[in-house]
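The structure is shown below.

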Amino acid sequence: MTETVAITGVTGFIGKHIADNLRARGFAIRALTRSPRQTRDENFTWVRGALEDKDALAELVSGADHVVHCAGQVRGHNEAVFTRCNVDGSLRLMQAAKESGTCQRFLFMSSLAARHPELSWYAKSKRIAEQRLADMSGPVSLGIFRPTAVYGPGDKEMKPLFDWMLRGVLPRLGAPDAKLSFIHVNDLAQAVGQWLVASQLPTAPSELCDGVSGGYNWARVQAIGAEVRRGPVRLVGIPLSVLKVLADLSVLSCRLAGKEPMLTRSKIHELTHRDWSASNQRLSENIDWIPEISLERALREGLF
Ligand SMILES: NC(=O)c1ccc[n+]([C@@H]2O[C@H](COP(=O)([O-])OP(=O)(O)OC[C@H]3O[C@@H](n4cnc5c(N)ncnc54)[C@H](OP(=O)(O)O)[C@@H]3O)[C@@H](O)[C@H]2O)c1
């Protein structure tokens with residue numbers, strides 16, 4: 001029988017790829033949307049509403065076998081903005097999933113940032129959500145994914161960095177020897193699909209990256225860029241003082257435009273952290289998943 005997955009965040013970058021992966025596997029999809037959208041077919045239903053709306057969440061999970069919670073607040077000018085969505089919204093969705101009586105698995109899309117809640121409002125909100133979801137999940141099997149920086153078609157955050165690099169300039173944020181990691185969105189979506197069909201699930205949060213041996217540092221990214229463009233790439237360090245000015249300008253311009261900023265002084269601590277290396281070990285020990293797309297392959301084949 002066709003299983004149904006309720007998904008949040010499908011109108012965003014990662015959620016769209018997850019929905020596409022799960023549809024291709026034959027799951028029926030119920031997807032939350034804050035703006036009106038046309039239902040595509042009988043196996044894909046949009047449910048209008050938001051994480052703040054209990055009735056919409058009850059409708060979203062009605063009859064669903066599993067929930068993939070990918071919606072999240074990634075921009076914000078203060079801690080409360082992140083807490084409202086990433087903590088309160090996630091708990092509301094878990095409550096609806098439990099009350100549905102049909103939901104067996106609930107996957108929370110956290111972030112590698114949750115490893116260091118002290119770094120930013122975003123990181124803290126993800127860590128608190130992880131802990132509180134685990135406390136309340138009860139009979140529902142909770143999975144927690146902590147992907148590192150995700151890129152691929154539809155991404156707006158990493159793409160400018162790669163575009164600049166392929167033109168010959170790589171802006172460096174943070175220390176020259178900082179450890180970095182990446183994951184292509186197709187690999188992340190595939191991991192979600194494999195998690196849903198796995199017989200054994202990891203109980204602790206699972207990190208996800210592209211698994212490239214030794215990970216990356218800025219010099220390695222620069223070398224890959226140079227290989228791919230067959231020309232030099234200049235690594236340009238952005239001083240902390242400049243980042244702070246850019247963050248203040250971004251907060252101000254977003255306030256005037258009525259939007260939430262991505263770059264804030266809080267976010268700078270995350271961006272300049274020295275160790276964002278990650279390991280797939282926990283996940284790959286439990287589910288049948290190995291990432292296939294390295295940064296080098298993605299850049300060479302234009303998969304971003
Ligand atoms: N991108 C990365 O590198 C990365 C890395 C690690 C973890 N993550 C996590 O992955 C998830 C998706 O990230 P993304 O990069 O795809 O972000 P995105 O493109 O900004 O998408 C965010 C999604 O969440 C939805 N959303 C936000 N607040 C909501 C609310 N209150 N009610 C209902 N829906 C809401 C958005 O809906 P609208 O379209 O209506 O705005 C959108 O569908 C997030 O939880 C993020 O923390 C991302």
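## Surface patch

Val242, Val245, Leu246 and Leu249 make a nonpolar surface patch of about 330 Å². The coordinates come from a predicted model.

One of the patch residues is Val245, which lies in helix 8, residues 240-257. Valine 245 has a relative accessibility of 48% and therefore counts as partly exposed, since that class falls between the buried limit of under 20% and the exposed limit of over 50%.

## Shell around the ligand

The ligand is surrounded by 25 residues. Thr11, Ile14, Arg34, Tyr122 and Lys126 are the closest of them. By class, the shell consists of 14 nonpolar, 7 polar and 4 charged residues.

Three elements each supply at least two residues of this shell: helix 1 (13-24), helix 4 (121-136) and strand 7 (149-151).

## Backbone contacts and cover

For valine 150, the distance between a polar backbone atom and a ligand oxygen is 2.9 Å. At cysteine 70, a backbone N or O atom lies 3.1 Å from an oxygen atom of the ligand. Glycine 9 has a polar backbone atom 3.3 Å from a ligand oxygen.

On its own, the ligand has 900 Å² of accessible area, and the protein covers 82% of this.

Notes:
Residues are numbered from 1 along each chain as its sequence is written. This is a predicted model: local features need pLDDT of at least 70, side-chain atom pairs count only at pLDDT 80 or more; totals for chains, interfaces and linings use all residues. Side-chain values use heavy atoms; hydrogens and water are left out. A residue is near a molecule or strand if one of its heavy atoms lies within 4 Å of it. A polar contact is a pair of N or O atoms within 3.5 Å; within protein, one must be able to donate a hydrogen and the other to accept it, and residues adjacent in sequence count only if both atoms are side-chain atoms. Accessible areas come from the Shrake-Rupley method with a 1.4 Å probe; for residues, only the protein chains shown count as cover. Helices (H or I, at least four residues) and strands (E, at least two) are DSSP runs, numbered from the N terminus. Ala, Val, Leu, Ile, Met, Phe, Trp, Tyr, Cys and Pro count as nonpolar, Asp, Glu, Lys and Arg as charged, and the others, Gly among them, as polar. Patches are made of residues with over 30% relative accessible area and no salt bridge: like charges are joined within 9 Å, nonpolar side chains (Val, Leu, Ile, Met, Phe, Trp, Tyr) within 5 Å. A salt bridge is a side-chain nitrogen of Lys or Arg within 4 Å of a carboxyl oxygen of Asp or Glu. Buried means under 20% relative accessible area, exposed over 50%, partly exposed in between (1.4 Å probe, protein chains only).
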